[in-house]
Amino acid sequence: MPLEERKLHMSARCEETLAVHGSGEPVATKLQRIAEKARKEPDFKFTSLYHLMNEELLRECFKRLRKDAAAGIDKMTKDMYAENLDANLSNLIDRLHRMAYIPQPVRRKYIPKPGSAKQRPLGIPCLEDKLVEAGLVRILEQVYEQDFINDSYGFRPKRSCHDALKALSETVENKPINHIVEADIKGFFDNVNQEWLMKFLAHRVEDKRIQRMVKRFLKAGVAEDGSVTVSDEGTPQGGVISPLLANIYLHYALDLWFEKVYRKSCTGIARLIRYADDCVPRTHRGVVFLKVRCCTKDEGRPLGAGLQAQASNHLKLQG
């Protein structure tokens, strides 16, 4: 790397350090600094975030865990962990910062699927895994909430399905819309391409310890009937971090493709409203045929052979 480039790189690293290592500041303030930097510098890559996985952050995350949640394979409940909370957090933090923390497989349980005779598999993580994932989400959200498009509504702070429906209603009522397509990405959470997910994560987060910990959760596996299955595809079942990872993946693979590629090919109005793996594209002319694509340096390259966007409903409006 040329001397001038090294100086610029070191300067950027110094600014990042000042942004997230404020001496004596509460974690909430440091997280806000990260969000501000991410918003002001959309191309900036964060290399120093993992240190924020400290007692203050994890204690706050622990308070937010559901008290009545089912236990994972460790059979540890929130009440049991709270009996010796200080020592448990101290031990957890020590393992985290030695990179000795290894996520455990999630316990698979089957629950009735609404409107169907079939059962839906549910993953139940161990308590400490929930806690660590919650900490990672708090940190990563500060970066990606600045990047996600406005029409992405699923599993995001201060957003809900009601907001998505409101956006849909306002568009249909106030814009010249001729076609509405309701689409679902078949088996999305089970078929996410983990290799591409990690590449997408690296676009903004170059902190190797964050990357390694996320990768460990992806490879934690599923425990069922006495055996553990590890897959090269999908996100952690039932994991606290899964919705955020899904949004990161679809931000690059679908949202940006629609905004930067597909929209430019339209002769009229086109809008994509997405809630997790469900989306509703609307167009003034023609019908949207969805393909999961990458919108990065390899723009236009299809992603994830197991991912298929299926149009479950197509409504043609008259007028």
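Predicted model: local features only at pLDDT ≥ 70, side-chain atom pairs only at ≥ 80, totals over all residues.
Residues are numbered from 1 along each chain as its sequence is written, and side-chain values use heavy atoms, with hydrogens and water left out. Helices (H or I, at least four residues) and strands (E, at least two) are DSSP runs, numbered from the N terminus.

**Helix 6 with helix 10**

- Helix 10 covers residues 208–218 and packs against helix 6 at an angle of about 135°, with the axes 12 Å apart.
- Axes are lines fitted to C-alpha atoms, for helices over the stretch in contact, and angles run from 0 to 180 degrees between N-to-C directions.
- The crossing of helix 6 and helix 10 is left-handed. Left-handed means that the near helix is turned anticlockwise from the far one by less than a right angle; right-handed means clockwise.
- From helix 6, Asp129, Val132, Glu133, Leu136 and Leu140 meet Ile210, Met213 and Phe217 of helix 10. Contact here means heavy atoms within 4.5 Å.
- By class, the residues of this contact are 6 nonpolar, no polar and 2 charged. Ala, Val, Leu, Ile, Met, Phe, Trp, Tyr, Cys and Pro count as nonpolar, Asp, Glu, Lys and Arg as charged, and the others, Gly among them, as polar.

**Helix 5 with helix 6**

- The axes of helix 5 (residues 85–97) and helix 6 come within 12 Å and cross at roughly 65°.
- Helix 5 and helix 6 make a right-handed crossing.
- Helix 5 brings Asn88, Leu89, Leu92, Arg95 and Leu96 to the contact, and helix 6 brings Glu128, Leu131 and Val132.
- The residues of this contact divide into 5 nonpolar, 1 polar and 2 charged.

**Helix 9 with helix 10**

- Helix 9 (residues 194–202) and helix 10 have axes that come within 11 Å and cross at roughly 155°.
- That angle makes helix 9 roughly antiparallel to helix 10.
- The crossing of helix 9 and helix 10 is right-handed.
- Gln194, Leu197, Met198, Leu201 and Ala202 of helix 9 meet Gln211, Val214, Lys215 and Leu218 of helix 10.
- This contact has 6 nonpolar, 2 polar and 1 charged residues.

**Glu60**

- Glu60 lies in helix 3 (residues 55–64).
- With a relative accessible area of 26%, Glu60 is partly exposed. Buried means under 20% relative accessible area, exposed over 50%, and partly exposed in between (1.4 Å probe, protein chains only).
- The side chains of Glu60 and Arg138 are joined by a polar contact of 2.5 Å. A polar contact is a pair of N or O atoms within 3.5 Å; within protein, one must be able to donate a hydrogen and the other to accept it, and residues adjacent in sequence count only if both atoms are side-chain atoms.
- Glu60 and Val27 are 33 residues apart in sequence and 9.9 Å apart in space, C-alpha to C-alpha.

**Positive phi in loops**

- Lys158 has phi near 60°, a positive value in a residue other than glycine.
- Lys158 sits in the loop between helix 6 (127–144) and helix 7 (161–174), and is exposed at 87% relative accessible area.
- Ala276 has phi near 60°, also positive in a residue other than glycine.
- Ala276 is in the loop between strand 6 (270–275) and strand 7 (278–283), and counts as buried at 8% relative accessibility.

Note on methods. Parallel < 35°, antiparallel > 145°, perpendicular 65-115°, else oblique.
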